[in-house]
Every structure is written in C-alpha cells, then in structure tokens.
Number of protein chains: 4
Amino acid sequence: MNTPASPLLSPDRIASEHATLPQWALSSDEKSISRSFSFKNYYHTMAFANAVAWIAHQQDHHPDMTVSYNKCTVTYSTHSAGGITAKDFTAIKAVENLITG
Amino acid sequence: MNTPASPLLSPDRIASEHATLPQWALSSDEKSISRSFSFKNYYHTMAFANAVAWIAHQQDHHPDMTVSYNKCTVTYSTHSAGGITAKDFTAIKAVENLITG
Amino acid sequence: MNTPASPLLSPDRIASEHATLPQWALSSDEKSISRSFSFKNYYHTMAFANAVAWIAHQQDHHPDMTVSYNKCTVTYSTHSAGGITAKDFTAIKAVENLITG
Amino acid sequence: MNTPASPLLSPDRIASEHATLPQWALSSDEKSISRSFSFKNYYHTMAFANAVAWIAHQQDHHPDMTVSYNKCTVTYSTHSAGGITAKDFTAIKAVENLITG
C-alpha cells in the first residue's frame, strides 16, 4: 500500500514539519498524525471523505478515516515503516489544500 | 439527525433482533452495534462507504464509519435515544442487503 | 463488463417489462433505457450517483450516467449484446429500490 | 449555482486561455468546454467524478459530467452568464491538478 519505501522521520524532523501544520495532532507515540474536519451534514462529510480518497488513490498512500454525521477524522501513518514518513506530510498538505486550495 | 423519535429497545428485543444478524457485534454496553466489512482495496472500500451513506441519507439515520485500506466498519446507535432502537436494526438490514443483493 | 452473456430481449418482452417501469424511457431504437432523477443539489445528486455505482459494481453491469447540478440520468444497455437484456431490467429494479426501498 | 456573477469572456480571451489547456475542447458555439478522462474501471471513474464534485462544491461551480465504465467527461459552462467565464477556467485548472497535481 505504501510504495516506494519511505524512511521514518526523526523526532526533530517530525517536530519541524508538524510546526507548519499545527491543526494536525500527533499521536502520543508519534506514530501517526490526524486531524478532524467539521462539516454541515453527512452529505458534505462524505463529499470530503471522497476527496481525501482521491488523494490517497493518486499518492498510493491511504489514511484511516472516521466518518460521523458532521465530522471526518483523517489519520496518516506509514504502516510499512511503522510510523511517520515524508509521505505522510506530503499527503497532509494535499488534504489541507482541499479546504484552503 | 434521527427523526422521528424511536424508543430504546429492551435487552430482550435487542437479543432477539441480534440473533438474526450474528455478523454484527453489540458493544459491551449494548448501546451500539457494528460490523466490519472487508474489501479488495481502497476503491472498493470507499464505494461501499458511499453505498452505506446513501442508505443513511434515505433513512435520515447516520452510522459512524471507519474506513481503512480494505475495511469499513459501520456502527449504528440512535444517539437521540442513547442506545439501540428499531431504527438501527432497520438500517443494519439495509446495509446487509448491499452485500447480499 | 457484462458477464455472463445475457441474450437480447424480444420487443414483446421489452414491452412487457417496460410496462411495469413506465418512469423509464426506451430509446427510439429500443437499445437502451433511461431515467432522470431529480435532486436538491449537487451533493444529493452525487450521493445518488454513488449509490447507483454500488449497484453497478455488485451486478458487474454498468450504466452510463450524466450528472448535472440537480439531476442524474441513468442509462442502461447491455453493450456486449447490442441492446436490452434481462440484466438491464434487473439493474433498473435495483435502482428504483434506491428511491423507494 | 454560480455566485458571484462572472462576465462572459471575449473570444480572444477564451482563445488565449484555451491555448494553455489544449486537452480541453471548446464546443462549436464556444459556450462550453469539456474534456474526457480515461480510467481503468468504474471504481476509478467514480473516484474521479467524486474528486471533481469536491472541486465543484468548493467553488460553487458545477460541471456536467458523463460517467461510463472507463471514462468521465467533464463539461464546464457558466449557465448564469450563458457561456464561458473566468470561473470555468479556474475550475478546469483545478480539475487538471487532480491528475497532475
């Protein structure tokens, strides 16, 4: 699911990347990073989930998502590496562009 | 989000409904019921999530979903009632029909 | 895309099936059958298109769809047979159930 | 559906914008512009249609789309203006970014 191999980022690198994306939350073990997005209703929430899925298809890097009535939480981790890699931050920036872009 | 009001089901009623849908798991507090569905890839998983969303739109009863690469977990609860109601079983049966046709 | 092979229906059979589904329109050459569905907005229209797509995935029988702001037109034909087969009517009934079911 | 009002572009402006997006085809009356995108299967085609829909939701500018098994044709026109406006080219560039971005 995650090709090509991407090395784990150092804690320092994660911190500096994360500093530019403060809306995203690192898990306590720093192995994943997530953000919740709020929407008006289930139609809008699913539309966003589909947009995130398109990014995932294009990048061949697939987040976990939770969908509820008016919220979608997107969580990235590079499972093949066992933690956060550059691919996760690339993906996060693309997801941010969905909202602001 | 859940209209009209639907009363909580008794433990006995939940048990008898659940007996006909053993693939679904009751939460330990019996306030929600869920099932995980496995798929070939993220495209298929999202296609299913969209199909479940259509049922939710039609029934005005919206499950929580978690989506990962090849799995979608669907969880129903009637939040306005604080637990499981007849609406949840109606929804579950519609979701089952997505797979069995 | 259309497996297994399904034979073309006779004009009489098409007429009798069609009589039960008068909301659907036969093309003038009777090689395809279509219906337009109206919705509130683009979110709703796309939600429906995704629901029809799920049926298509499940049945391995794929309609053409046109999507505009508040309308989705679904057109079935069995391309491998060069016209309308029983598979088209099976699909149409499943699509009708999305709305009424 | 198209807010705020966007004025029709002159034929010269359409020509110069179009020159940078030669994959898109102007209709013979120059009132709309479209492109067909090819995909592997219906899953991929629908994933793209959903991604285009997200752009449409965000921009409040909604293309017509036709979806077939392995092809999605996207057509933009600013209906409120009766032809092509700057909004159409903005939208087209966002759709291009879905593939190349």
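Hi everyone, let's start inside chain D. D:His61 is buried, with a relative accessible area of 1%. Anything under 20% counts as buried, so at 1% this histidine clearly qualifies. To give you another landmark, take D:Ile33, which is 28 residues away from D:His61 along the chain. The C-alpha atoms of these two residues are separated by 14 Å.

Before we go on, please keep in mind that this is a predicted model. How does the model score overall? Its ipTM is 0.93 and its pTM is 0.95. For chain A, the average pLDDT is 95, and 95% of the residues score at least 70. A word of care for the remaining residues: where pLDDT is low, the predicted coordinates should not be read in detail.

Now for chains A and B. Chain A can be laid on chain B by a turn of 180° and a shift of 0.0 Å along the axis, and the RMSD is 0.0 Å. This time the C-alpha of chain A nearest the axis belongs to A:Thr66, at 2.1 Å. Of the interface residues of chain A, 100% are also interface residues in chain B, so these copies too meet through the same surface.

Let's finish with a pair of helices within chain B. Helix H1 covers residues 11–19 and helix H3 covers residues 86–100. Their axes come within 11 Å and cross at roughly 5°. Angles under 35 degrees count as roughly parallel, and H1(B) and H3(B) are therefore roughly parallel to each other. Which residues make the contact? From H1(B) we have B:Arg13, B:Ile14, B:Glu17 and B:His18, and from H3(B) come B:Ala86, B:Phe89 and B:Lys93. By type, the residues of this contact divide into three nonpolar, three charged and one polar.

Technical notes:
Residues numbered from 1 in each chain as written. Chains lettered and ligands numbered in written order. Predicted model: local features only at pLDDT ≥ 70, side-chain atom pairs only at ≥ 80, totals over all residues. Heavy atoms only, no water. Axes fitted to C-alpha atoms, helices over the stretch in contact; angles between N-to-C directions. Helix = DSSP H or I, 4+ residues; strand = E, 2+ residues; numbered from the N terminus. Parallel < 35°, antiparallel > 145°, perpendicular 65-115°, else oblique. Contact = heavy atoms within 4.5 Å. Nonpolar A, V, L, I, M, F, W, Y, C, P; charged D, E, K, R; others polar. Buried < 20%, exposed > 50% of the residue type's maximum accessible area, 1.4 Å probe, protein only. Least-squares fit on C-alpha atoms with pLDDT ≥ 70 in both. pLDDT = per-residue confidence, 0-100.
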